[in-house]
Amino acid sequence: MITVYGADWCEDTRRSLRHLRRLAVVHQYINIDEDSVALERAKSLNGGQRRTPTIDLGIGGTALVEPDNDTLSSALVELQMLTQQDVHERLGLQNVGDLERAMRAGIGTFMVIAAGAAPRSMRWPLRAIGLATAFTGATGWCPVYYSSGLSSLDGPGDRRDEAKRGAWLTRV
């Protein structure tokens, strides 16, 4: 089993854990700030240094230390835990970034509520649009983005502190 040694405050740890969840890879997370045995294990994998995240792929080989998402995905493919097709399909299941998801959920909910004050002929169309918008926020998947080959992941619409590009959308 894959073990991620990290810390709750570490941005790289949070990013790696989120990436493993998006890939639907079974893993165990151990917070080395709360587990001294895990801290010593992580340090032994890093030549005595405390670095997070340290990802033990469970094969007895070299651990990944502070890997970016592409490096982590490549290691999983190389070890045949996933295929390249698996990675592509699983990452395609979510194409709306976290910030955008929150905005969609809020706007959709507002539209559903506000539809009650709209003229009677506009209530159901506004509620349907609001529900669809809230649904894309709740699931993180937008059918328009999917059919257009777009994604807001890894941009400012996902997590600003982890953005890899300045543009909101990108082709996948």
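This is a predicted model: local features need pLDDT of at least 70, side-chain atom pairs count only at pLDDT 80 or more; totals for chains, interfaces and linings use all residues.
# A tour of the helices, the cavity and the pocket

The face of helix 3 turned away from its buried side carries two exposed residues, D70 and E78.

**Stop 1: helix 3.** Select residues 69–78, which form helix 3. Which residues of helix 3 are buried? They are N69, L72, S73, A75 and L76. Viewed down the helix axis, these buried residues fall within an arc of 160°, so they line one face of helix 3. Now show what covers them: strand 1 (2–6), helix 1, strand 3 (54–56), strand 4 (64–65) and helix 4 are included in the cover. Then step to Q80, which follows helix 3 and has a positive phi, near 60°.

**Stop 2: helix 2.** Select residues 36–45 and colour A38, L39 and A42, the residues that are buried in helix 2. They cover an arc of only 105° around the axis, which puts them on the same side of helix 2. An α-helix has 3.6 residues a turn, so residues three or four places apart point the same way. Strand 1, strand 2 (27–31) and strand 3 are among the elements that cover the buried residues of helix 2. Turn the model to find S36 and V37, exposed residues on the face of helix 2 turned away from its buried side.

**Stop 3: helix 5.** Select residues 98–114 for helix 5. How far apart are the end C-alpha atoms of helix 5? They are 24 Å apart, and this agrees with the 24 Å that its 17 residues should span at 1.5 Å a residue. Colour D98, E100, R104 and G108, the buried residues of helix 5. Seen down the axis, they fall within an arc of 150°, so they line one face of the helix. This buried set packs against helix 1, helix 6 (120–139) and helix 7 (143–148). On the other side of helix 5, look for A102, F110 and I113, which are exposed.

**Stop 4: D98.** Zoom in on D98, which lies in helix 5. Is D98 buried or exposed? D98 counts as buried because its relative accessibility is 19%, and buried means under 20%. Leaving aside neighbours within four places in sequence, show the residues in contact with D98: R18, R22, G157, D158 and R159.

**Stop 5: the cavity.** R18, R22, D158 and R159 come up again here, as part of the lining of the largest cavity. Select the rest of that lining too: R15, H19, N69, D154, G155, E162, A163 and K164. The structure holds one cavity of 30 Å³ or more, and about 100 Å³ of space lies in the largest cavity. Helix 1 gives the largest share of the lining of this cavity, four residues. By class, the cavity lining has eight charged, three polar and one nonpolar residue.

**Stop 6: the largest pocket.** Finish at the largest pocket, where about 650 Å³ of space lies. Of the 24 residues that line the largest pocket, select V87, H88, L91, G92 and V172, the closest to its centre. Which element supplies the largest share of the lining of the largest pocket? Helix 4 does, with six residues. Helix 1 (11–22), helix 3 (69–78), helix 4 (84–92) and strand 5 (150–151) each supply at least two residues of the lining. Colour the lining of the largest pocket by class to see 11 polar, seven nonpolar and six charged residues.

Key
Residues are numbered from 1 along each chain as its sequence is written. Side-chain values use heavy atoms; hydrogens and water are left out. On a 1 Å grid over the protein atoms alone, a cavity is a set of points where a 1.4 Å probe fits but cannot get out, and a pocket is an open set with protein on both sides within 12 Å along at least five of seven lines; lining residues have an atom within 4 Å of a point. Grid points are joined across faces, edges and corners, and a volume is the space filled by probe spheres set on the points. Ala, Val, Leu, Ile, Met, Phe, Trp, Tyr, Cys and Pro count as nonpolar, Asp, Glu, Lys and Arg as charged, and the others, Gly among them, as polar. Buried means under 20% relative accessible area, exposed over 50%, partly exposed in between (1.4 Å probe, protein chains only). Contact means heavy atoms within 4.5 Å. The expected span of a helix is 1.5 Å times one less than its number of residues. The arc is that of the directions from the helix axis to the C-beta atoms.
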